[in-house]
Amino acid sequence: MNIRNMLIIKNSWSQVIAQPDNPGVLFYQKLFEAAPCLIPMFKSDIEGQQSKFTDMITYMVTNLQNMEQVQHEIELLGQRHMHYGVSPEHYQLVGSILIGTLKSILDDLWNPETEEAWTSLYDYWAQAMLRAGNEMSGAQSPK
């Protein structure tokens with residue numbers, strides 16, 4: 001990831017978390033509207049999950065310049081998701097919902113360059129999580 005994309009992501013995320021509402025709330029609303037079949041995967045406190053979602057993205061964005069530092073966390077996240085029954089198709093849906101959520105929160109601050117930066121970052125995260133989940137299960141890693 002280049003420096004410009006890191007700055008775009010860090011700046012846009014700082015705008016997102018400066019909003020009065022937790023972005024995790026809007027994300028999960030959109031996710032469950034798009035795929036109500038996923039609701040049963042969230043057996044615990046959804047408010048806690050919304051906060052965890054926001055906190056994890058904040059952590060990963062804060063450490064973009066040190067991806068190696070968060071690589072282990074991304075891998076653990078992928079392993080947990082595999083345990084919960086998350087499939088590769090879910091990652092595609094979540095990526096789409098994440099980008100849509102960011103776009104709706106940022107509104108006029110959203111542009112094609114911001115979308116490209118976030119899409120690239122999410123794709124990196126998703127591939128790393130899928131690899132870790134597949135390695136845990138002994139399956140072939142996606143390319």
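User: Leaving aside neighbours within four places in sequence, which residues is I99 in contact with?

Analyst: This is a predicted model. In it, I99 is in contact with W110, E115, W118 and T119, once neighbours within four places in sequence are left aside. Contact here means heavy atoms within 4.5 Å.

User: Why is I99 counted as buried?

Analyst: The relative accessibility of I99 is 11%. Buried means under 20%, so I99 counts as buried. I99 lies in helix α5, and its C-alpha atom is separated by 9.4 Å from that of F27, 72 residues away along the chain.

User: How confident is the predictor in the protein chain, and where is confidence lowest?

Analyst: The protein chain has an average pLDDT of 88, and 93% of the residues score at least 70. Confidence is lowest in helix α4 (residues 67–84), with a mean of 80, and highest in helix α1 (residues 3–17), with 97. Where pLDDT is low, predicted coordinates should not be read in detail.

User: What makes Y28 and F42 an edge-to-face pair?

Analyst: Seven aromatic pairs are found in the structure. For Y28 and F42, the ring centres are 5.3 Å apart and the planes stand at 75 degrees. Centres within 6.5 Å make a pair, and planes over 60 degrees apart count as edge-to-face, so this pair is edge-to-face. Y28 is in helix α2 and F42 in the loop between α2 and α3, so the pair ties together parts 14 residues apart in sequence.

User: What is the label for the pair of F32 and F42, and why?

Analyst: Their ring centres are 5.4 Å apart and their planes at 65 degrees, so this pair is edge-to-face. The pair links distant parts of the chain, with F32 in helix α2 and F42 in the loop between α2 and α3, 10 residues apart. F32 has a relative accessible area of 17% and is buried. Ring pairs also link F27, Y28, F32, F42 and F53 into a cluster.

User: What lines the largest pocket, and how much space lies in it?

Analyst: The largest pocket holds about 770 Å³ of space and is lined by 26 residues, of which Y28, F42, Q49, L77 and H81 lie nearest its centre. Elements giving two or more residues to this lining are α2 (23–34), α3 (46–62), α4, α5 (88–106) and α6 (112–137). Helix α3 gives the most, with six residues. By class, the lining has 19 nonpolar, four polar and three charged residues.

User: Why is Q50 called buried, and what is it in contact with?

Analyst: Q50 lies in helix α3. Its relative accessible area is 11%, and the cut-off is under 20%, so Q50 is buried. Leaving aside neighbours within four places in sequence, Q50 is in contact with N22, G24, V25 and Y28.

User: Why is N134 called buried?

Analyst: N134, in helix α6, has a relative accessible area of 13%. Under 20% means buried, so the label holds for N134. N134 and G78 are 56 residues apart in sequence, with 8.6 Å between their C-alpha atoms.

How values were computed
Residues are numbered from 1 along each chain as its sequence is written. This is a predicted model: local features need pLDDT of at least 70, side-chain atom pairs count only at pLDDT 80 or more; totals for chains, interfaces and linings use all residues. Side-chain values use heavy atoms; hydrogens and water are left out. pLDDT is the predictor's confidence in each residue, from 0 to 100. Helices (H or I, at least four residues) and strands (E, at least two) are DSSP runs, numbered from the N terminus. On a 1 Å grid over the protein atoms alone, a cavity is a set of points where a 1.4 Å probe fits but cannot get out, and a pocket is an open set with protein on both sides within 12 Å along at least five of seven lines; lining residues have an atom within 4 Å of a point. Grid points are joined across faces, edges and corners, and a volume is the space filled by probe spheres set on the points. Ala, Val, Leu, Ile, Met, Phe, Trp, Tyr, Cys and Pro count as nonpolar, Asp, Glu, Lys and Arg as charged, and the others, Gly among them, as polar. Rings of Phe, Tyr and Trp (its six-membered ring) pair if their centres lie within 6.5 Å; planes under 30 degrees apart count as stacked, over 60 as edge-to-face and the rest as tilted. Buried means under 20% relative accessible area, exposed over 50%, partly exposed in between (1.4 Å probe, protein chains only).
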